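I opened the notebook to jot down a few residues I wanted to look up. Here is the model I had on screen.

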Amino acid sequence: MRSLDPHTLKVLEFDRVLALVQARAPSSLGKRALDEAAPSSHREEVLTRQRETAEMRLLREEQSDPNWAGSQDIGEELESLQAEHSWIEPRRLLRVAEFAEAADRIREAVCGGAEGASEIAGIARTIPRFTELVRSIRR
């Protein structure tokens, strides 16, 4: 990916635009992803991003926003569970379940969403199903 030079970023007010978008991010994960966002001057990447944006707008117009509730960052919880014979407190385990439920909900909303949203539906199909994990945590 070719990045834009600092002068161009300043003229385009990229930092200001990024801050406005971050303020509307539905979750801490979205905000963190935006922290890593960078403009591109690669034509195909720009066209792909434009298609994805247009599809998400279409999805929002036709069926409203997916329910993002529960899509918080669970990195600390997952890190805690990586050690052998590890455990986490029940309230933190419930955060994992909430995240998994949100992932399932978002996947279904996007995959079953608007006609003409094949680009983002393809991305959503890569989200694994967590039904069994949620069932195990919640019993």
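**Alanine 97 and its contacts**

I started with what alanine 97 touches: leaving out residues up to four places away in sequence, the list is Val134, Ile137 and Arg138, with contact meaning heavy atoms within 4.5 Å. This is a predicted model, where local features need pLDDT of at least 70, side-chain atom pairs count only at pLDDT 80 or more, and totals for chains, interfaces and linings use all residues. Residues are numbered from 1 along each chain as its sequence is written, and side-chain values use heavy atoms, with hydrogens and water left out.

I then looked up the distance to isoleucine 137: the C-alpha atoms of alanine 97 and isoleucine 137 are 6.5 Å apart, although 40 residues separate the two in sequence. I placed alanine 97 in helix 6, residues 90-111 (helices are DSSP runs of H or I, at least four residues, numbered from the N terminus). Alanine 97 counts as buried because its relative accessibility is 0% (buried is under 20% relative accessible area, exposed over 50%, partly exposed in between, with a 1.4 Å probe and protein chains only).

**Positive phi**

Next I checked backbone angles. Glutamate 13 is not a glycine, yet its phi is positive, about 55°. I found glutamate 13 in the loop between helix 1 (6-11) and helix 2 (14-23). Its relative accessibility is 39%, so I noted glutamate 13 as partly exposed.

Histidine 85, also not a glycine, has a positive phi near 60°. I located histidine 85 in the loop between helix 5 (75-81) and helix 6. With a relative accessible area of 72%, histidine 85 is exposed.

Methods: Helix = DSSP H or I, 4+ residues; strand = E, 2+ residues; numbered from the N terminus.
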